[in-house]
Amino acid sequence: ASRLRRQVEGVERRIRSRTDSLARQFDRVLAVLRELGYVEGFRLTERGERLRRIYGEGDIVVAEALSERLLHGVSPAAFAALVSGFVYESREREPRAPVLPTPDLRDRFTRLQKLWTRIRRVEQQHDVELSRELDAGFASVAFHWAEGKALEDALAESTLAPGDFVRTCKQLLDLLRQIEGVADEEGATTARAAREAVNRGVVAYTGL
């Protein structure tokens with residue numbers, strides 16, 4: 001009986017420890033969302049309603065980018081290239097610096113990176129990490145593919161295997177659909193055009 005009591009007490013201590021840890025994590029996340037204007041008290045703001053319909057490690061950055069119109073006023077191909085930065089993650093140990101195809105894309109990615117840095121500062125103040133850093137390594141490929149180039153031409157300057165290309169495009173399509181559902185009319189129209197431009201050829205044929 002004593003041995004069983006000690007075992008039960010040990011389990012209870014572990015449960016309390018994990019519950020306290022989850023509660024602290026929840027409070028930290030809530031503090032970040034409050035500071036960024038997504039929550040007031042325990043209620044979602046209009047910005048928060050948009051955020052809850054975006055899924056992924058870059059959800060806050062995506063929502064902030066839409067609010068600041070950093071994805072507006074670009075072509076569908078450029079839109080796809082920018083959004084790819086939220087989903088792509090290089091597998092290389094030392095990824096090469098991406099070469100972006102237009103000056104506007106370079107400027108837009110710089111502004112998105114600055115936005116991510118501002119968000120990370122808020123997260124660090126509350127001792128939590130929610131937003132994965134942007135990765136522009138797929139942007140050029142996404143841009144050329146959405147412009148209508150053949151697969152071998154889109155991958156010409158990349159080390160991506162065709163399978164990795166399709167997998168990343170599927171992730172990109174998923175996020176473009178989400179953006180289409182939460183953006184304003186201009187953003188939704190461009191997101192839809194970008195999605196249709198990406199979803200062709202081998203991407204459309206492959207049911208992943």
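## Nonpolar core

The largest nonpolar core holds 63 residues, of which Phe79, Val83, Phe86, Leu112, Phe165 and Ile179 touch the most other members. A nonpolar core is a set of buried Ala, Val, Leu, Ile, Met, Phe, Trp, Tyr and Cys residues joined through side-chain atoms within 4.5 Å; buried means under 20% relative accessible area, exposed over 50%, and partly exposed in between (1.4 Å probe, protein chains only). Two or more residues of this core come from each of helix H1 (2-35), H3, H4, helix H5 (103-125), helix H6 (139-146), H8 and helix H9 (185-198). Helices are DSSP runs (H or I, at least four residues), numbered from the N terminus.

Apart from neighbours within four places in sequence, Phe79 is in contact (heavy atoms within 4.5 Å) with Leu71, Val74, Leu176, Ile179, Gly187, Thr190, Ala191 and Ala194.

## Model and confidence

This is a predicted model, in which local features need pLDDT of at least 70 and side-chain atom pairs count only at pLDDT 80 or more, while totals for chains, interfaces and linings use all residues. Residues are numbered from 1 along each chain as its sequence is written, and side-chain values use heavy atoms, with hydrogens and water left out.

The mean pLDDT (the predictor's confidence in each residue, from 0 to 100) is 89, and 90% of the residues reach 70 or more.

## Helix H6

H6 is largely enclosed by the rest of the structure, because 8 of its 8 residues are buried. Their packing partners are H4, H5, helix H7 (151-154), H8, H9 and helix H10 (201-205). Just after H6, Gly148 has a positive phi of about 105°.

## Second largest pocket

The second largest pocket has a volume of about 230 Å³. Of its 18 lining residues, Phe86, Val87, Tyr88, Arg132 and Gln171 are the closest to the centre. A pocket is an open set of points on a 1 Å grid over the protein atoms alone, where a 1.4 Å probe fits, with protein on both sides within 12 Å along at least five of seven lines; lining residues have an atom within 4 Å of a point.

Helix H3 (59-67), helix H4 (76-87) and helix H8 (162-182) each supply at least two lining residues, and H8 gives the most, with 6.

Arg69, in the loop between H3 and H4, has a positive phi near 60°. Arg69 is partly exposed, at 40% relative accessible area. Asp127, in the loop between H5 and H6, has a positive phi of about 55° and is exposed, at 54%.

Notes. Grid points are joined across faces, edges and corners, and a volume is the space filled by probe spheres set on the points.
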